[in-house]
Amino acid sequence: MTIIKTNNLTKKFGKFTALNQVNLEVNEGEVYGFIGPNGAGKSTTIRLLLGMMKATEGEAKIFGLDAWKDAVDIHKRIAYVPGDVHLWPNLTGGEVIDLFIKLRGDGNKSRREEMIERFKLDPSKKCRTYSKGNRQKVALVAAFASDADLYILDEPTSGLDPLMERVFQECVIAAKNDGKSILLSSHILSEVEKLCDRVGIIREGKMIETGTLGDLRHLTRTNLLVETKLPIIGLSELKGVYSIEVKNRTFSFQVDSEYLDSIVRHVSQFGIVRLESAPPTLEDLFMRHYEGVGGAF
Amino acid sequence: MSKKLYRHTGVLVRFLLSQNRLRIPIWIIALVLITFSTASSFSELYQTPEERQAIAQTMLNPAMTAMVGYSNGLDNYTNGAMMAHQMLLFTAIAVAIMSILLVARHTRTEEEDGQIEMIRSFPVGRLSNLSATVLMVGVTNVLLALVTGFGLYILGIESMDLEGSLIYGAGLGATGIFFAAITAVFAQLSENSRGTIGLSFAFLVLAYLIRAVGDVGNETLSWFSPLGILINAEVYVHNYWSPIILLVGLAILLISIALYLNAIRDLDAGFIPSKPGRTNASSLLQTPIGLALRIQRTGLIAWAIGMLLLGASYGSVLGDLESFFKDVELMEALIKPVEGFTLTEQFMPMLMTVMAMFCTVPTLLVVFKLKGEEKKNHTEHLLSRVVSRSRTMGSYFIISIIVSFGMLLLAVVGLWSASVAVMEDAISFSTMFSAAMVYLPAMWTMIGLSILLIGLFPQFSGFTWLYFVYSFVVVYLGGLLQFPDWMSKLSPYGHIPHLPVEEMDFMPVSILAIIAIVLIIVGFATYNRRDILG
């Protein structure tokens with residue numbers, strides 16, 4: 001069953017087109033990674049999904065209801081965590097969590113305590129004293145303490161430390177195992193890779209790629225840096241090798257993941273002294289994609 | 001060793017002065033201008049001893065003494081005595097506020113923001129920042145004292161001699177230095193800037209109240225307040241230096257305490273432990289309207305007290321109104337005499353206009369909080385949950401309606417209770433009540449306008465304040481400045497019948513109410529349709 005479905009969703013601010021015919025589909029029980037650089041339109045899409053903004057063209061449906069018209073009904077089953085959590089400086093974290101749980105509907109007292117414990121939040125402190133990470137924890141505790149069917153998470157871990165990031169990932173996996181759906185907006189590729197079943201990439205307001213991680217992986221290249229005893233011959237003729245740079249006996253180049261095996265075999269004939277590989281960054285992914293589009297930008 | 005504690009204090013003083021190269025001159029110029037212009041306007045307004053003595057008569061009641069302070073000069077109310085009696089206390093409070101804000105800013109606020117940490121990482125003494133701040137504020141106050149003192153003397157007003165003028169200036173400076181010192185102590189005690197400023201202002205209010213009680217009843221009590229000590233210098237009457245010296249001495253003692261406390265404490269630590277807040281929300285807080293109330297609680301309470309005091313301060317002069325106005329042509333221009341009504345009753349409509357306009361400010365602030373919340377990305381927390389836009393806007397709307405009524409009621413209660421105490425032939429509460437409440441439709445029109453703009457053109461909603469200022473100028477000062485009638489008719493306040501002098505006219509009031517309702521409906525409808533930015 002489709003939980004979120006947008007149909008040619010377009011949002012213009014005056015002459016500027018923030019979103020251009022975005023089609024996005026999140027199915028029940030799946031974690032959908034929504035990735036793209038800052039300013040690509042992730043937050044605008046989420047604002048439209050939450051009914052905070054009205055689409056210029058196209059439509060967005062959640063649970064089969066219209067995101068704009070039926071916002072209040074939809075929100076009974078949604079938990080949302082903004083990327084930049086702004087709280088009331090003179091309320092305590094605990095007060096804000098209670099308020100949030102109450103505003104969504106009935107909350108679960110024991111879940112609230114459990115989440116506060118897991119995220120190691122001190123709920124008796126005023127929000128003005130919280131760091132960015134702690135404010136994010138307030139929103140995360142309120143979200144995961146509620147019994148939502150859909151979680152919309154907009155860059156929820158940008159201020160969390162690695163330990164808390166792991167707690168967050170556990171919470172997402174637990175929610176998924178309970179059959180919940182999750183829209184996770186992020187630009188941290190490793191997090192998306194770990195958690196998401198399907199991924200959509202947005203850039204300059206357009207969805208440029210969407211599919212399972214396996215589908216997308218064909219786009220990714222690994223960066224290799226190799227130093228050999230003998231100079232490598234015939235590297236440029238191999239399939240799946242790009243952007244070769246040579247410095248003395250050190251070769252750095254990019255490799256399509258599917259040809260990795262044959263390339264490493266070839267290179268090893270020359271006596272490997274040093275071999276470093278770097279996973280593809282989101283930037284690599286984008287760069288690769290634009291090369292593929294061929295001068296579209 | 002002790003020298004190391006103050007290393008580079010001089011560098012920091014220069015650094016602080018350059019940071020405040022605009023702020024300090026603006027404070028000094030503003031304070032000095034107010035002092036000079038009041039002094040010369042007093043001498044122009046009241047040219048004969050008889051006129052001054054008439055004013056002195058109006059001051060002979062406990063309410064006035066509580067408000068402006070006790071004076072030994074009422075028997076011979078010279079220009080100087082009048083100046084010291086009516087202006088010294090309020091100017092000193094303004095100087096105290098200047099010192100509190102300057103010291104708090106450069107001590108606890110900078111410590112909280114992390115600038116002190118940066119400074120302290122350099123080879124700078126542990127006490128350098130505090131002593132530099134105190135020195136800077138001290139220099140500011142000495143400068144203010146000298147300019148005020150010599151300036152008042154140079155104005156050449158009769159009875160304002162050199163010694164009196166110097167004590168006047170020194171009194172202001174000493175008060176400023178005293179409050180700088182007490183703020184420096186509070187900056188050590190409290191561990192955040194809100195606490196520092198809050199404690200300092202609470203001390204200022206307490207000092208004012210202790211002096212008020214002391215001046216009315218028990219003179220010894222006044223000596224327990226720095227403001228009471230200041231009054232006891234009896235400037236331009238007896239010219240005592242000893243209270244000034246006492247204030248400076250106390251300030252030096254307080255500064256030593258502050259330095260000691262600063263030397264023994266950790267960075268970012270305070271001596272008053274911050275108590276943990278509530279871990280759970282009260283049931284009131286857990287609704288949109290409860291949240292809206294909670295985040296405006298402190299402000300609304302302050303406004304409520306302010307409105308009560310505003311009413312009371314107007315009420316306390318009503319008893320002497322008749323004698324007061326006889327000599328003042330200015331006020332005659334404001335109030336056109338009407339047969340069959342006392343001057344006090346004729347004064348009512350103008351008083352009510354002013355009070356209604358003051359009460360409009362907190363009312364509009366409530367509505368504009370909604371826009372402020374959107375700007376701070378707080379409304380998304382409501383709208384992304386099961387809260388409709390109408391309910392969000394409605395929370396602020398309902399509170400603003402209640403505030404419009406409540407503030408007006410408090411002002412009337414203050415006015416009436418004070419007037420009963422000072423008038424022989426008091427005006428009934430119901431007369432005052434209806435004369436005030438008749439302004440509600442005008443206030444609701446202002447609410448309607450702000451709701452409409454927040455819904456339709458949020459970026460232009462500040463226009464409401466412009467319109468409000470226009471209303472204030474044309475309706476309040478219109479009579480005085482001889483504006484044509486149509487100008488005040490452009491403001492909702494210009495259509496309100498002047499009870500109790502005029503008959504009640506339901507027509508304009510009902511039309512205003514209808515206009516308000518239409519504006520509000522359109523505002524809600526458009527708010528439901530537009531993009532919410534945060």
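Predicted model: local features only at pLDDT ≥ 70, side-chain atom pairs only at ≥ 80, totals over all residues.
Strands here are DSSP runs of type E with at least two residues, helices are runs of H or I with at least four residues, and both are numbered from the N terminus. Two strands count as paired if DSSP finds at least two bridges between them. I35(A) stands opposite I201(A) in β9(A).

Strand β9(A) also pairs with strand β10 (residues 206-212) of chain A. Here the strands run antiparallel, with six bridges. In β10(A), I201(A) has E209(A) as its bridge partner. Two residues lie between the strands of the β9(A) and β10(A) hairpin. E204(A) takes a positive phi near 50° in this hairpin.

How enclosed is strand β9 of chain A? Five of the six residues of β9 (residues 198-203) are buried, so the strand is largely enclosed by the rest of the structure. Buried means under 20% relative accessible area, exposed means over 50%, and partly exposed lies in between (1.4 Å probe, protein chains only).

## An open sheet in chain A

Four strands of chain A form an open sheet. Their order is β12-β13-β11-β14, and the pairing is antiparallel. Strands β12 (241-247) and β14 (272-278) of chain A stand at the edges. Each has a single partner strand, so one side of each is left without a neighbour in the sheet. Neighbouring strands of this sheet are turned by 15° against each other on average, direction ignored. Axes are lines fitted to C-alpha atoms, for helices over the stretch in contact; angles run from 0 to 180 degrees between N-to-C directions.

Seven bridges link strand β11 (residues 221-228) of chain A to strand β13 (residues 250-256) of chain A, in the antiparallel sense. V226(A) stands opposite F251(A) in β13(A). In a regular strand, side chains alternate between the two faces of the sheet.

Helix α9 (residues 260-268) of chain A lies across β11, β12, β13 and β14 of chain A. The helix runs at about 160° to β13(A). Contact means heavy atoms within 4.5 Å.

## Domains of the two chains

Chain A is assigned domain 1 (2-217) and domain 2 (221-279). Their C-alpha centres lie 40 Å apart. Chain B is divided into domain 1 (2-39 + 88-264) and domain 2 (288-527). The centres of these chain B domains, taken over C-alpha atoms, are separated by 36 Å. Domain bounds come from an automatic or database domain assignment.

S193(B) lies in helix α11 (residues 193-216) of chain B. Is S193(B) buried or exposed? S193(B) is buried, with a relative accessible area of 12%. Its side chain joins that of E112(B) in a polar contact of 3.2 Å. A polar contact is a pair of N or O atoms within 3.5 Å; within protein, one must be able to donate a hydrogen and the other to accept it, and residues adjacent in sequence count only if both atoms are side-chain atoms. Leaving aside neighbours within four places in sequence, S193(B) is in contact with R108(B), T109(B) and E112(B).

T353(B) lies in helix α19 (residues 343-375) of chain B. T353(B) counts as buried, at 7% relative accessibility. Which residues does T353(B) touch, not counting those up to four places away in sequence? They are Y439(B) and V475(B). The side chains of T353(B) and Y439(B) make a polar contact (2.8 Å).

## Notes on the model

Residues are numbered from 1 along each chain as its sequence is written, while chains are lettered from A and ligands numbered from 1 in the order in which they are written. Local features need pLDDT of at least 70, side-chain atom pairs count only at pLDDT 80 or more, and totals for chains, interfaces and linings use all residues, while side-chain values use heavy atoms, with hydrogens and water left out.
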